Amino acid sequence: MRRTSEVLAAASSALEDAGLRGSFLVRDLDTGRELGLEPDLLFPLASLVKVPLALDVLELAGTGDLDLDEQVLIDATIRVPGATGLCRFTEPASIALADLLYLAVAVSDDTAAEALFRLCPPEQVTRRLRSMSVTDVTVRHTIGELHRSLASRLDPADAHLAQTLAIDSATQGRGHVIPQLDVSMANSGSARAMADVFERIWSGTDLRPGTSDRLQELLAGNLLRHRLAPDLATDAASWASKTGTFLHLRHEVGVVTHRDGGRFVVAALTESRVPATTQPVAEQTIGWVARMLHDEVRGYAEPSRTG
């Protein structure tokens, strides 16, 4: 097995070659051993924000302040653009809160998340995180705010212009001309902070009975499995996660549970400097780097990049 410093150097080199910068952290949930690559670098969270949102909804349901059986009307006043679920509906629909949770987390339905944010506003979700001693994940706006960015105002044929602006308009201090990409104004967090959130979900620490189990179930049902799952999920290892994608951002955080009982939270938050929407090499590299760090923490040899 290579020395840890060599693993980190190889990971950094692979990200550079793929046109990526990333914040990565892998943590053994049973021993606390961890390994990271710029783990405290803040990124806009994109759809990762749906995890603390769902956590707040479930906690309020646990106190009786929300009823998961309650029906919510989804119509044009709440619908936001998106590729999945209710975003694609053309007619009003009545959906139970419990089903909105499923759609927001497992299907990454932005309209479902927007409906949940109407009940649990961003500042309330942030207070929940602070009560759990999670200090570096901050929720400042709803999912609908993402769709008021430049990307939503451009014709799909001009999407590369939004990609270019996202890449070229950042400051050294992580500021940005697009507010939703400025870490001081956007929903933001780091790999370490998101790993902390997932560790609390898997341990149940500071959560009411039922919240942990339901959130783990929702994350295990994630239908978007193109980023980290190919490198971490096997017949002997289950993968439960949430992805986040917006303009040049590509994130995923989850927990891999091995047949031998080992449990590892894996957090990968990245941004690309390549102005393209579809980047298979970037997706593959994110998975490979995450797997390499995971295997180092677990004590395995480095995986092959070709299989």
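Predicted model: local features only at pLDDT ≥ 70, side-chain atom pairs only at ≥ 80, totals over all residues.
**Stop one: E114.** Start by selecting residues 110-119, which form helix 4, and pick out E114 within that helix. Is E114 buried or exposed? It is buried, because its relative accessible area is 7%, and the cut-off for buried is under 20%.

Now bring up what surrounds E114. Setting aside neighbours within four places in sequence, show I78, V80, T142, I143 and G144, which are in contact with E114. Take I78 from that group: I78 sits 36 residues from E114 along the chain, yet their C-alpha atoms are 7.0 Å apart. Next, turn to G144 and display its backbone nitrogen. What reaches that nitrogen at 2.6 Å? The side chain of E114 does.

**Stop two: E38.** Select strand 2 (34-37) and strand 3 (43-44), then look in the loop between them for E38. Check the backbone here: E38 is not a glycine, but its phi is positive, near 45°. With a relative accessible area of 36%, E38 is partly exposed.

**Stop three: S133.** Highlight helix 5 (122-131) and helix 6 (143-146); S133 lies in the loop that runs between them. S133 counts as exposed because its relative accessibility is 53%, and the cut-off for exposed is over 50%.

Note on methods: Residues numbered from 1 in each chain as written. Heavy atoms only, no water. Helix = DSSP H or I, 4+ residues; strand = E, 2+ residues; numbered from the N terminus. Buried < 20%, exposed > 50% of the residue type's maximum accessible area, 1.4 Å probe, protein only. Contact = heavy atoms within 4.5 Å. Polar contact = N/O pair within 3.5 Å; in protein donor to acceptor, adjacent residues only side chain to side chain.
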